[in-house]
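Hi,

Here is the structure I promised to pass on.

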Amino acid sequence: MRKPSANPTSPVMTAANENAPLARPSKLEAMEAVKTLIRWAGDDPMREGMLDTPKRVVEAYREFFAGYEDDPAELLARTFEDVAGYDEMVLLRNMRLESHCEHHMVPILGYATIAYIPAEKVVGISKIARLVDVFAKRLQTQEILTMQIADAIEEHLKPKGVAVFIDAKHQCMTTRGVHKSETGTITTRFHGLFKSSEAMRREFMMLASSSPEVR
Ligand SMILES: [Zn+2]
């Protein structure tokens, strides 16, 4: 676990985990908790097919929630100032998004489209893709996730504009509860020119709103 720091963008200080305890349980304790949940589901954690399940689950959790280990400030720190006058929109379209809802801890699956208009700094496009995971690989709500991605780009790149569009399906809605399996949830966040210029926003939305069907 990362130590607490005064940097407001470090993972321990962000909204998605501000209440998270800093000390993690041991792997063994986590595996015991999984056994309890297996019993809660109505099955026997000691039957043969499930003997390794607690271990697999806690290891899967490390992957699902790897974003807590990453710092967006660090990720976006390496920028290129020489953009040779490029001042048009940079847009990454339909990036696969995999997150987990903080209310039910089940998957949120969808696509994110992100655009920014560089001022003097650009960042490698793969960094933008990784930024999505820094925030998505945590317990989330789609609204906060959308804001965190946009606000991190705004804060660390100081571009002329930022736009984030997320289209996702929430398994807590599609496979349980109201069972509205076709419902996609769309959230957006705009800064700078995308906020002030309707034409820019319209251009972005036209490019963003054709996300592929979520499976
Ligand atoms: Zn939920």
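What percentage of the 215 residues in the protein chain do buried residues make up? The figure is 27%, where buried means that 20 or more other C-beta atoms lie within 10 Å of a residue's own, exposed means 12 or fewer, and partly exposed is in between, with C-beta atoms placed from the backbone.

Before the details, two housekeeping points. This is a predicted model, so to speak of local features pLDDT of at least 70 is needed, side-chain atom pairs count only at pLDDT 80 or more, and totals for chains, interfaces and linings use all residues. Residues are numbered from 1 along each chain as its sequence is written.

The protein chain has 8 helices and 7 strands; these are DSSP runs numbered from the N terminus, with helices being H or I of at least four residues and strands E of at least two. Of the contacts with a separation of 6 or more, 70% are between residues 24 or more positions apart (contact: C-beta atoms, placed from the backbone, within 7 Å).

Strand 6 is worth a look. Strand 3 (residues 107-117) pairs with strand 6 (residues 161-170) in the antiparallel sense over 10 bridges; Thr113 has Phe165 as its bridge partner there, and Ala112 has Ile166. Strand 6 also pairs with strand 7, antiparallel again, over 8 bridges, and in strand 7 the partner of Ala163 is Phe190. As for burial, 10 of the 10 residues of strand 6 are buried. Both of its faces are covered, with Phe165 and Asp167 among the buried residues on one side and Ile166 and His170 among those on the other.

Now the helices. Leu131, Val132, Phe135 and Ala136 in helix 4 meet Leu145, Gln148, Ile149 and Ala152 in helix 5. By class, that contact has 7 nonpolar, 1 polar and no charged residues (Ala, Val, Leu, Ile, Met, Phe, Trp, Tyr, Cys and Pro are nonpolar, Asp, Glu, Lys and Arg charged, and the others, Gly among them, polar).

The other helix pair is helix 1 (27-41) and helix 2 (53-64), with Asp52 in the loop between them. The axes of helix 1 and helix 2 come within 8 Å and cross at roughly 115°, which makes helix 1 roughly perpendicular to helix 2. Their contact has 7 nonpolar, 1 polar and 3 charged residues. Is Asp52 buried or exposed? Asp52 counts as exposed because it has 10 C-beta neighbours inside 10 Å. Its C-alpha atom is 9.7 Å from that of Met31, 21 residues away along the chain.

Cheers

Notes. Two strands pair if DSSP finds at least two bridges between them. Two residues are in contact if their C-beta atoms, placed from the backbone, lie within 7 Å. Axes are lines fitted to C-alpha atoms, for helices over the stretch in contact, and angles run from 0 to 180 degrees between N-to-C directions. Angles under 35 degrees count as roughly parallel, over 145 as roughly antiparallel, 65 to 115 as roughly perpendicular and the rest as oblique.
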